[in-house]
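Here is a short note on the backbone of this model. Please read it with the coordinates open.

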Amino acid sequence: MKKTTAFLEHLSKTKTKFIGSFFITGFIKESYQITIGIRRNNEIINIGSFSNGLEEKEKNALVEIIMRNKKSDRGSSITIDPGICVELQFNNIIKDKLQEPKFLRFRTDMHWENCTWGQLILDNTDIHKDVNMTNPNKPVWEDPFVNKEQFISYLHEISPYILPFLAGKILTVIRYPHGIRGEAFYQKNSPEYAPNFIQTYEEEGINYIHCKDKSTLLWLGNQLALEYHIPFHPIGSSYPSEIVFDLDPPSVEYFELAVKAANEMHKLFEKFNITSFPKLSGNKGLQIHIPILHSPMSYEDTRVFTSFIAKYLVETHPEDFTIERMKKNRGNKLYIDYVQHWYGKTIISPYSTRGKEGAKVAAPLFWKEVNKSLEPSDFNIFSIMPRIKKLGCPWKEYFDQENSSIREIIDSLKKQK
């Protein structure tokens, strides 16, 4: 069976016809077919050819234009520079070729550089009509090179995996309107120009965006919101739904300390019958998440647990770990941040990108991957989806965990005090 591209794998399974805009790249003499292309990853790819749907007069006129403006004439193929845009209907894309394309109309209103893979996704995804993509070729990351079209394509593909973590929580984003080398700013309040479909929730006088669907996610992507930060508690609750430890080494050169701390925590949690989930921070460290959605407790209660774990690790490995808040006093030790887990604080969402070179992602991990060979730079905007397709999501059972033993541990610690 031929493999269908990721583009169609993430669209509605009930959709049988697709529409997209492409630019003409030439003409095949023998078959009388018009060849077409599209921009993907900032490169032009040949995505097939068509003739169906064109009236005879239209086809002859189009061939005449191609002949008059030909760039090369070799064998049976004639090529031209991109410039003429057309809208086509098609049934599928297999091995980067349109299946059964049919001409619908010329797109004289469209510049060929805007015929992109990202726009093709938006045109065929079940999203709100007010979601669009402006300046698709704007550079976002430089190394590796990623433009806005590629970033929005990533958000589209990762949406089934990131949205469960964003839904039900207020959102703080970090926007980079001019790419990561430009000025960035935090955005908590939903902007006045946000379209009506963007849902919000007011908390402490701030009108936060509630990103619970793909339309909102892609709209934020077009605003170049690169980082998605969420609190530990759901909307309408003051109780956290998860406990998170942030393992912060002094620099990326000391990342092995984060690996060591994570594994020491994992050993403890297994003894306590606690199911935990590791993820890369997308920066220089690791974060350990413990879901407690089904075992409600206050932030004060969770602080009893997190402080105990952090202090225990520092006492048993004083040469490697610290809970010292002042950076200048930490030396080359890894900081175990348990204080950040509190009401009003936030953490980077699983699968969010980061506004730093490398286009790295806060990627969920399997515990077996947390070892000396773990390299954060391997988890970037280009590698995440192939990884999920091959291995599955490491956190697919995240929301099913009880972790009721934490309540017993907290009660025991309180009695000891």
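This is a predicted model: local features need pLDDT of at least 70, side-chain atom pairs count only at pLDDT 80 or more; totals for chains, interfaces and linings use all residues.

1. What to expect. Most residues other than glycine have a negative phi, and most peptide bonds are trans.

2. The cis bond. Which residues does a cis peptide bond join? They are D143 and P144, with omega at about 0°. P144 sits in the loop between β10 (139-142) and β11 (145-147).

3. Y32. Phi of Y32 is positive, near 60°, and the residue is not a glycine. Y32 falls in the loop that links β1 (18-28) to β2 (33-40). Is Y32 buried, partly exposed or exposed? Its relative accessibility is 31%. Buried means under 20% and exposed over 50%, so Y32 counts as partly exposed.

4. A359. Here too phi is positive in a residue other than glycine: A359 has about 50°. The loop in question runs between β22 (346-348) and α8 (384-391). A359 has a relative accessible area of 0%, which is under the 20% cut-off, so A359 is buried.

5. UniProt, in an unreviewed entry, places "domain: DNA ligase D polymerase" at residues 148-395. What is the helix and strand content over residues 148-395? The chain there is 29% helix and 19% strand. The end C-alpha atoms of this stretch are 27 Å apart.

6. For checking. Please look at the D143 to P144 cis bond, the positive phi of Y32 and the positive phi of A359 in the model.

Definitions and conventions: Residues are numbered from 1 along each chain as its sequence is written. Side-chain values use heavy atoms; hydrogens and water are left out. Helices (H or I, at least four residues) and strands (E, at least two) are DSSP runs, numbered from the N terminus. Buried means under 20% relative accessible area, exposed over 50%, partly exposed in between (1.4 Å probe, protein chains only). UniProt positions are given in the numbering used here, feature names are shortened, and annotations may be inferred rather than shown by experiment.
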